[in-house]
Protein chains: 2
Amino acid sequence: MKRAVVLLSGGLDSATVLAIAKAQGYESYTISFDYGQRHRAELHASALLSEQLGAVSHKVINIDLTAIGGSALTDTNIDVPHEEQAGIPVTYVPARNTVFMSIALGWAEVLEAEAIFVGVNAVDYSGYPDCRPEYIAAFEKMANLATRSGVEGHPLKIETPLIDLSKQAIIERGNELGVDYSLTVSCYEADDQGRACGQCDSCRFRKQGFAQAGMTDPTRYQP
Amino acid sequence: MKRAVVLLSGGLDSATVLAIAKAQGYESYTISFDYGQRHRAELHASALLSEQLGAVSHKVINIDLTAIGGSALTDTNIDVPHEEQAGIPVTYVPARNTVFMSIALGWAEVLEAEAIFVGVNAVDYSGYPDCRPEYIAAFEKMANLATRSGVEGHPLKIETPLIDLSKQAIIERGNELGVDYSLTVSCYEADDQGRACGQCDSCRFRKQGFAQAGMTDPTRYQP
């Protein structure tokens, strides 16, 4: 059976990606990161989703990005904004996707996996540079020059099934595939129980997506 | 003053790179990784070298690559070989340079650094895929698509001043620049005091380099 490493943040997008990898016949190995983010609720969600969506194995890697900082998500001195911002917002974590996909690349090589699945999206998103198709293409090229498997003629694919989809389309696809979105945590400032603030960028895109899909929003909000 | 992040393993190559960055007028921010490698002596060496060679700041990042394994350096069930091997040897750590350079990329972005210096070498080396010029070029291209600084027109350079040099030429260059090679630890199986085995790939290349340079080998060997 073909294998894939799936990056799982515990949010709506990556949960949908995991369901898509399964539907495409992959044996999924999920990977999540304890990187000093503002809350651990998303790690709890990742473990639950891995189980619910039939991942073969779920791994949490510790990597302290607060040692680098430079983002509202990894430096508690920088506030998470509650309004839309021009340009790349302060929730952008420098090189985060590159760091996460690089570690996934190492695991993919050990597993002899054929693909890494990642839930980046360049439609209803925050304008992060490392979510764009040209970035993903460049990462894939680099990855296949970096590794033994690439050199030995077993190239790896970086699969981004959500990249061109609206949030509405992502939710509709996940719904067809049985994703339980009440388990997912998208909020940048979720509380210990995984309840969302309803105001950050991530909450706004998510809320809008459920509204546009004509679905009841299953998100648990803070009182 | 222009800034650079310098990857420092505590070995001969990266120490020389740090001296070269300084000679080129960079303010150096050194970064080392506690990744579950076989010994910590190289981390001690990195701290000493950062101080001796005038780095502005030295950072150690914890990232547990033993959770991934797949190498004699990150899985103690795989022995470090003492003879030359055909192809890519078992000391190759899957995606290690990519992981390390990605984290350096995040820090470089926060520092608004102009360059990342890395001591890869494709002459007297072990045949690791992530030491080749085509890999470095692909990483640089990816990096400038990944980051805010790249998008905003401040591209970052990946500087590899050793890539075409023989071990002899590296040692001669470092010697001119005042690197104290007795502080460096190259051995894959150094003991707690940083003393080398004298038999692994890394020791063999190093020994040969000092012999070819006609220099006394300052390496401290295990009794």
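Which residue stands opposite E159(B) in strand 5 of chain B? I will come to the answer when we reach the sheet of chain B.

First, some ground rules. This is a predicted model, in which local features need pLDDT of at least 70 and side-chain atom pairs count only at pLDDT 80 or more, while totals for chains, interfaces and linings use all residues. Residues are numbered from 1 along each chain as its sequence is written, and chains are lettered from A and ligands numbered from 1 in the order in which they are written.

Let me start with how the two chains sit together. Two copies of a chain are related by a rotation about an axis and a shift along it.

Now the interface. On each side, 38 residues take part: 38 of chain A are in contact with 38 of chain B, where contact means that the C-beta atoms, placed from the backbone, lie within 7 Å. On the chain A side, strand 3, helix 3 (96-111), helix 4 (133-146) and helix 5 (148-151) each supply at least two residues. Helix 3 of chain A gives the largest share, 10 residues. By class, the chain A side has 22 nonpolar, 9 polar and 7 charged residues. For the classes, Ala, Val, Leu, Ile, Met, Phe, Trp, Tyr, Cys and Pro count as nonpolar, Asp, Glu, Lys and Arg as charged, and the others, Gly among them, as polar. Of the interface residues of chain A, 100% are also interface residues in chain B, so the copies meet through the same surface.

Next, the sheet in chain A. Helices (H or I, at least four residues) and strands (E, at least two) are DSSP runs, numbered from the N terminus. Chain A has an open sheet of 5 strands in the order 3-2-1-4-5, with parallel pairing; two strands pair if DSSP finds at least two bridges between them. At the edges are strand 3 (57-62) and strand 5 (157-159) of chain A, each pairing on one side only. From one strand to the next, the twist averages 25°. Inside the sheet, strand 1 (residues 3-7) and strand 4 (residues 115-117) of chain A pair in the parallel sense over 3 bridges. In one of these pairings, A4(A) has A115(A) in strand 4 of chain A as its bridge partner.

Helices pack on this sheet. Helix 1 (residues 12-23) of chain A touches strand 1, strand 2 (27-34) and strand 4 of chain A, and its direction makes about 170° with that of strand 1 of chain A. Axes are lines fitted to C-alpha atoms, for helices over the stretch in contact, and angles run from 0 to 180 degrees between N-to-C directions. Helix 2 (residues 41-52) of chain A touches strand 2 and strand 3 of chain A, at about 170° to the direction of strand 2 of chain A.

On to chain B, and the opening question. There, 5 strands form an open sheet in the order 3-2-1-4-5, with parallel pairing. Strand 4 (residues 115-117) and strand 5 of chain B run parallel and are joined by 3 bridges. The residue opposite E159(B) is F117(B). Helix 3 (residues 96-111) of chain B lies across strand 1, strand 2, strand 3 and strand 4 of chain B, at about 160° to strand 1 of chain B.

Last, two helix pairs in chain A. Helix 6 (residues 167-176) and helix 7 (residues 201-212) of chain A pack at about 65°, with their axes 8 Å apart. That makes helix 6 of chain A roughly perpendicular to helix 7 of chain A; angles under 35 degrees count as roughly parallel, over 145 as roughly antiparallel, 65 to 115 as roughly perpendicular and the rest as oblique. The contact has 4 nonpolar, 4 polar and 2 charged residues.

The axes of helix 1 and helix 6 of chain A come within 9 Å and cross at roughly 45°. These two helices of chain A are therefore oblique to each other. In their contact, L12(A), D13(A), A15(A), T16(A) and A19(A) of helix 1 of chain A meet I170(A), R173(A) and G174(A) of helix 6 of chain A.

Notes: Contact = placed C-beta atoms within 7 Å.
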